[in-house]
Structures are given as C-alpha cells and as structure tokens.
Amino acid sequence: MISVQNVSHSVGKKQILDNVSFELRSGEMLAVIGANGAGKSTLLKLLCREVITTSGNIYFDKKHIDLYSIKELAQLRSVLPQHNTVSILFTVKELVLMGRYPYFENHPSTNDVEIVHKVMNETGITHLAGRDYNTLSGGEQQRVQLARVIAQIYDRPNAVLFLDEPTNGLDLLYQQQILQLARDMANRGYTVVSILHDINFAARYADQILILKNGKMIAFGSPLEVVNCENIHDAFNIKVKLIECEGFKCPLVIPSGILV
Amino acid sequence: MFKSHKLILSVLTLFLIAVIIASVCIGAVRISLAQFWSILTYYTGLSKEMLFTSQQTAVLFSLRLPRVLLGVIIGAALAISGASLQGLFRNPLAEPGLIGISSGATLFAALMIVFGGHLLNTIGSIYGYYAMAIAAFSGAFITTLTVYRLAVYQGKTVITALLLTGIAINALAFAFTGLLTYLSTDEQLRNITFWSLGSLGGASWVSFSSVLPFILIPLLGLPFMAKALNAISLGEVQAGHMGIHVNRTKRTVIILSTMAVGASVAVAGVISFIGLVIPHILRMAFGSDHRLVIPGSAILGAAALTLADLISRTIVAPAELPIGIVTALGGSPVFIYMIISQLKKQHL
C-alpha cells in the first residue's frame, strides 16, 4: 500500500531524514520508534503530504502521492496529530462528523451520519455524544479525535491511518484502548502508521517496526527481528535488558541505565 | 440538527422583519401599524384605500426606508465579517473595530477625501461612494493582512499580539487621520469628522444602492466558507488533512470580510462591537457551528444595528445620538465579560 523509496529531507542545511526506504502492505501496522529528534515526526509529515519531500518518492497504491488531489488524499488517508486544541465550542458528535467533511459539501448524507454513529459506538464514545469537547478529559479527547480520523476513512478499506504519538499523556488503560483500536483497523485491512515511544507497546501491537536514528533507518522488520539489545543501544544510547515473558511474542525491553 | 438550524434562522428573520417595521414607523412623523399596512397594500395594488397622509409616505420612502435598509445591510455586513474573521483567527475577540481593520479603512477613506480631490467633489454621487468604498476596502485589506501576519504564529492566534496589534494600528490610523485634518479644507474636514463618528445619518437611496453590491457579495459568499472554517477551528494542519484548501479559504474569507467592512465604513464610518457581540450571542445560545453562526450573524446583526439606529435617533429626539455610542454601551460590557472568560479558560 505504501512504498517509500530513498526519501531524504532537509530544512536549510540540516539533514533531517537520510535515504529512508520501506514497503508496507495493506493490513499492516507499522510502529516508528527512535530517540527525540530522530526524524519520526518529519517522516510522518512527509508520508501524509503535510510537507513535500526534498528528494525520493512516496507512493500510495502505486501512485505517487504528489499526484493525488487534496480531496482524494483526504479520502485515502487520515492523520491524528500530536496536539489537538479546538478553538471553539463543538460537541463530540459535531467533531466526529467533521471526519466526513471530505465527502459532503454542506449537508452530510444519511450514510455520513450512520458512519458517525457506528464509529462512536466502536470507539466507545457514544455516551459523550452531546458533551462539549473542551470539557472532556485528555483520554476522552484523544478517543474522540481518533473517532474523527477513523470516520474520515471508515468506508475506504484501502486507506491509511497515521498516528503521531497517540498515547502521549494517557494512562495505561487509555493507551491500550487507543492502540487496540488502531490494531483493529489494521486487522480490517487498513494500513496503520504510528509513532510510538514505548518499545514494548510497539512490539505488541505492530507488525513492523522502523527504528530511526539521526534521520537514518537503523532497522526495519518484524518486532522479533528488530527488537534486540544492539538496536536499542544504538537508537537510544541506553543499556537495556531483554526479558522473555510468557504470553508475549517478543521479549520485553527494560531500560537499565545510561550508556557512557 | 440541520432542521433546527433552519428553525433558528427563520425565527431570527421574523425578528428582523419586526424590527424593520417598527423602525420605519417610529420617529418624528409617526406611522401607525394600520397606516403602514395601508401604505403597503396601496402601493402593491391590493387596496385602493388611502388611510395615510402624503407627508407620511414622503418620510417613509425618502428618509426612513433608505436609512433602515442601509442599517440592515451594514449591520449584516459587520456581523458576518466579525463571525468569519473570528473563525479564521480561531479567536472570538477578532472584531474588525478592535483589531484595527475599521481604522485602516477609515484612514484610507480619509486619504481619499483629502487627496482624491476631484472625485470628492462628486461625493454624494454614486461614483463618490464607489471611490470611498474601494479606498476603505483597500485600507481594510492591508490592515487585515498585517494583523494576520503579526498575530498568527504557526496557525495559532496569539491573543495578546492580536489585541496589541489592534491598539497599535488604531493609534497609528488615528494619528494619520488627525494629520490629514490639518491638510484638509473645511469641507473635507466635515467629511472626515463624519467618518470618525459613525452614523447612518447620511443614508440615501444613492448611498444604499452604491454599497449594496459590495455587501451583497460577501453576504452570499461567506456562508459557503462555514464548513472550511469549522475544520480550521481544529487547526490549519488538521484542516489540510481533512481535504480543506486552507490557503484558498483564508484568502477568500479575508477578501470577502474586508470588502464588507470597507463598504460599511465608506458610508457609515466606524461602528464597533456589532461584529463582536452578535456572533458571541449566537455561539452562547446555539453552539459554534459556523453553518449557523455565519448566516445567523448576518440576520441578527442586521436587526441589532437597525434597533441601535432606532434608539439613537429617538431617545434624545429631536437631536440624534451617534450610533457608535449606542453600540458601545451595549457592546463593551459583553466585550469585558468575554475577556474575563477567556483569561479564566487560559488559567484552568
């Protein structure tokens, strides 16, 4: 579904991404991990065409992303950014309905309204429908925003969902709920790309992991292939211990000190 | 949800019609409702009976009606541009008067009066009004671009920068307008003073019909921006992800709202607070959906300014109160309340 070929990006003289290439199939969930400043957010911005690449090519469905119109792109991928402030009063239902904006001009079709109801149901926010978004807790707000971006691609099973650190600032229950919703989307055939900080969550929910360091790819592959002491040392400059644990397909990563 | 939008807009329209009728009937020459009805039926050919005097129709057609209609379109223009600019700036305090757009328009209008020489001999004629409207529009447009540049940082409006820019531009425009008064002749001076006061007193069929197109275009165009402005309230980047052409929306909203503000400044001077208070009332009552707030502001703004003008010309009759005093009396308490509630929100 996504093909990234030799993508580099620089701002001024600073090289932020250096020759990144990978392929992702429909139904796969990719977790991008790496230290702060490794280029994760930039990669995500390039993938969702918020920023145009300096060199290299990105294809969605074998078509170069520059060739999509802004509306086609909106129906093919949705993005959950890291910071979501809403400047004016909106109810939860109105906000989720905004996810359907690429599909209607002034009035939503009955299909749009139905999708909004289904998505609110699936993300467990139906009981919040009439609430003012700004009065919700951080975890609830994040789920509402996720519902909005899911609604945007709900009837496009070929589409891609981009998440930028979706679990930031949430408690453990909400973190798992959000990632499980993302996982469910992948299971239904969507491609999911998420920036994550927690390596254990990345290994548990994602099919593929991409590790970035100073803009370079240092590993790409399944969690079992990629999550090892060497890669984690290299990417984060930390000592780690790997612990096998029953019920986990991949060893757990425990940080155990700072590399000097 | 959309049925209720229609219902709200219909009720507001009925209110507007009631205000218009009250406004054309009340004044030094009184016209009773029955007489108004008789005039209406007589001139539409429904009735042959004349229950009114010719003095009443003269007052109605050549004085009251143009003034009331001018108030209607200017109120609509100010409120709809306020509502749209607030959506664009993502801040409910963005009002043409407060953030300097009206002063920018005034300055350019004053420049036109002083340096537009021969054009201004024809003020009062339709070309004079056109020239004024275009000058005021240019002033409003340049100011809006400046304010947007200074106050919007990374897609977010910095509220202190917004209001301070407004203060600076207001002061600057005031100073320049003041300088211009020294360069102007007596007649030019009278014209400039008229703008700084803000009044519908100069209303005539000529002034009404000359600004009508400049206001009609924004009134018809801005409601189509509602969906995009809703999306922009989530953030410009987010709106882009949702398939909204953010830059195109920004350009259109700025051009259309400054056109409306410029046109109203050209004929009526600076009338503040309508663009601030009207959208705010609608948001408090019915929520922030721009699909309701934008057209609703136009209708309620029209009614509010007509009402304010009715008060301004009757309360101290036979003298007339500048309309700016009436809108400021009603508007400033709401403005202070809004600042306090914004500050509270930031400290939560």
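This is a predicted model: local features need pLDDT of at least 70, side-chain atom pairs count only at pLDDT 80 or more; totals for chains, interfaces and linings use all residues.
Biologist: Where should I start with confidence in chain B?

Modeller: Start with the average, then look at the elements. The mean pLDDT of chain B is 85, and 93% of the residues score at least 70. Confidence is lowest in helix 5 (residues 117–121), at a mean of 58. It is highest in helix 14 (residues 290–314), at 94. For the complex, the predictor gives an ipTM of 0.87 and a pTM of 0.86.

Biologist: How many helices and strands does chain B have?

Modeller: Chain B has 15 helices and 2 strands. Its radius of gyration is 20 Å, close to the 20 Å given by the globule rule for 348 residues, so chain B is as compact as a globular protein of that length. The C-alpha trace spans about 65 × 55 × 35 Å along its principal axes.

Biologist: What share of chain B is buried?

Modeller: Buried residues are 51% of the 348.

Biologist: Is helix 14 of chain B buried or exposed?

Modeller: Count its buried residues. In helix 14 of chain B, 22 of the 25 residues are buried, so the helix is largely enclosed by the rest of the structure.

Biologist: What span does helix 14 of chain B reach, and where does the helix bend?

Modeller: Compare the span with the expected one. From first C-alpha to last, helix 14 of chain B reaches 35 Å, close to the 36 Å expected at 1.5 Å a residue. The helix bends by about 30 degrees at B:Ser297.

Note on methods
Residues are numbered from 1 along each chain as its sequence is written. Chains are lettered from A and ligands numbered from 1 in the order in which they are written. Helices (H or I, at least four residues) and strands (E, at least two) are DSSP runs, numbered from the N terminus. The radius of gyration is taken over C-alpha atoms; the globule rule is 2.2 Å times the number of residues to the power 0.38. A residue is buried if 20 or more other C-beta atoms lie within 10 Å of its own, exposed if 12 or fewer, and partly exposed in between; C-beta atoms are placed from the backbone. pLDDT is the predictor's confidence in each residue, from 0 to 100. The expected span of a helix is 1.5 Å times one less than its number of residues. The bend at a residue is the angle between axes fitted to the seven residues ending there and the seven starting there.
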